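Subject: Structure handover

Hello,

Here is the structure, with notes on what turned up in it. Please open it alongside this message.

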Amino acid sequence: MAATTDTRADLYPSRGATEVSVPRRDPVVWNSLDAPGPVAREELTSFERDGFLTVDQLITPDEVTGYRAELDRLVTDPAIRADPRSIVEASSQEIRSVFEVHRISEVFAGLVRDERVVGRARQILGSDVYVHQSRINVKPGFGASGFYWHSDFETWHAEDGLPNMRTVSVSIALTDNLDTNGGLMIMPGSHRTFLGCAGATPKDNYKRSLQMQDAGIPSNGALTEFADQHGIRLFTGAAGSATWFDCNCMHGSGDNITPYARSNVFIVFNSVENTAQEPFAAPVRRPEYIGARDFTPVH
């Protein structure tokens, strides 16, 4: 049988022989800046410029208490620990993340449907949206490892087949995000340049990358140039605060060697007009609990 050739237009080539830099070819805000919704015009303008948006209190303290209780229930449930959707910290053997949490838990499913959450995603992306990925992150104290610098879109394009940058993430803090406990760092404005990484994608790369990334990692030289050009912003905030960020932001987080856990719920909304195809630079699809193939809009 003759081999088939992928003739799709690939706007963002990656995982080749060399690292490449490509200007962004998609809008950041896919809607009018004056479109109605929970995000004010000036906030949309800053999101378009910087690639992120912070909300000091997206959910109330009482709601935080409820979501924390559900997180604690999930990570102490032996059945959840045995589920392949749970990722265990290599050093401590504690649960690091639980994926597809909006399907495992009706409590977190309700959060996904909350208009304060999904309404912002619709407004930024200019369409109905579905959940490409959801998870709770538990970053316990005393040695929880961080995530190295990366663009989520680079992985979602290469390994999940998202064709365009029409995806937005929200990280909602369920514990206080301090400047010492491994918080999120973003390079403001980095979302306007796609950095295609060098090196082929190993089969079943997700099994390693969810604990420690290897493929899809920018070079030190490229990261230095990005940092010199854009700077680095560290996000702190009380439990209940949230950070929205564009799928192509260069971001990462450090280890947490303090006694204080940094836990959050992380939801990725993708436009229903940008559904996943076959991977652009990987031999096989990732599991659906990591990269969804159910494109049902959130209502």
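Is Arg-41 buried, exposed or partly exposed? Arg-41 is partly exposed, at a relative accessible area of 42%. The classes rest on relative accessible area: buried is under 20%, exposed is over 50%, and partly exposed is in between (1.4 Å probe, protein chains only).

Some ground rules. This is a predicted model, so local features need pLDDT of at least 70 and side-chain atom pairs count only at pLDDT 80 or more, while totals for chains, interfaces and linings use all residues. Residues are numbered from 1 along each chain as its sequence is written, and side-chain values use heavy atoms, with hydrogens and water left out.

Salt bridges

The structure has 18 salt bridges. The term means a side-chain nitrogen of Lys or Arg within 4 Å of a carboxyl oxygen of Asp or Glu.

Arg-41 pairs with Asp-34 in one of them. Their closest N and O atoms are 2.7 Å apart. Asp-34 is exposed, with 53% relative accessibility.

Arg-15 and Glu-159 form another salt bridge. Here the closest N and O atoms are 3.0 Å apart. Arg-15 sits in the segment before β1 (20-23) and Glu-159 in helix α7 (residues 152-160), so this pair ties together parts 144 residues apart in sequence. Helices (H or I, at least four residues) and strands (E, at least two) are DSSP runs, numbered from the N terminus. Both partners, Arg-15 and Glu-159, are buried.

Arg-103 bridges to Glu-100, with 3.5 Å between the closest N and O atoms. Arg-103 is partly exposed at 48% relative accessibility. Glu-100 is buried at 14%. Through shared partners, salt bridges join Asp-83, Arg-85, Glu-100, Arg-103 and Asp-294 into one network.

Gln-123

Gln-123 belongs to helix α6 (residues 115-125). Its relative accessibility is 2%, so Gln-123 counts as buried. What does Gln-123 touch, not counting residues up to four places away in sequence? The contacts (heavy atoms within 4.5 Å) are Asn-31, Ala-35, Pro-36, Gly-37, Pro-38, Val-39 and Leu-44. With Ala-35, a polar atom of the Gln-123 side chain lies 3.2 Å from the backbone oxygen. Cys-197 is 74 residues from Gln-123 along the chain, and their C-alpha atoms are separated by 30 Å.

Best wishes

Definitions and conventions:
A polar contact is a pair of N or O atoms within 3.5 Å; within protein, one must be able to donate a hydrogen and the other to accept it, and residues adjacent in sequence count only if both atoms are side-chain atoms.
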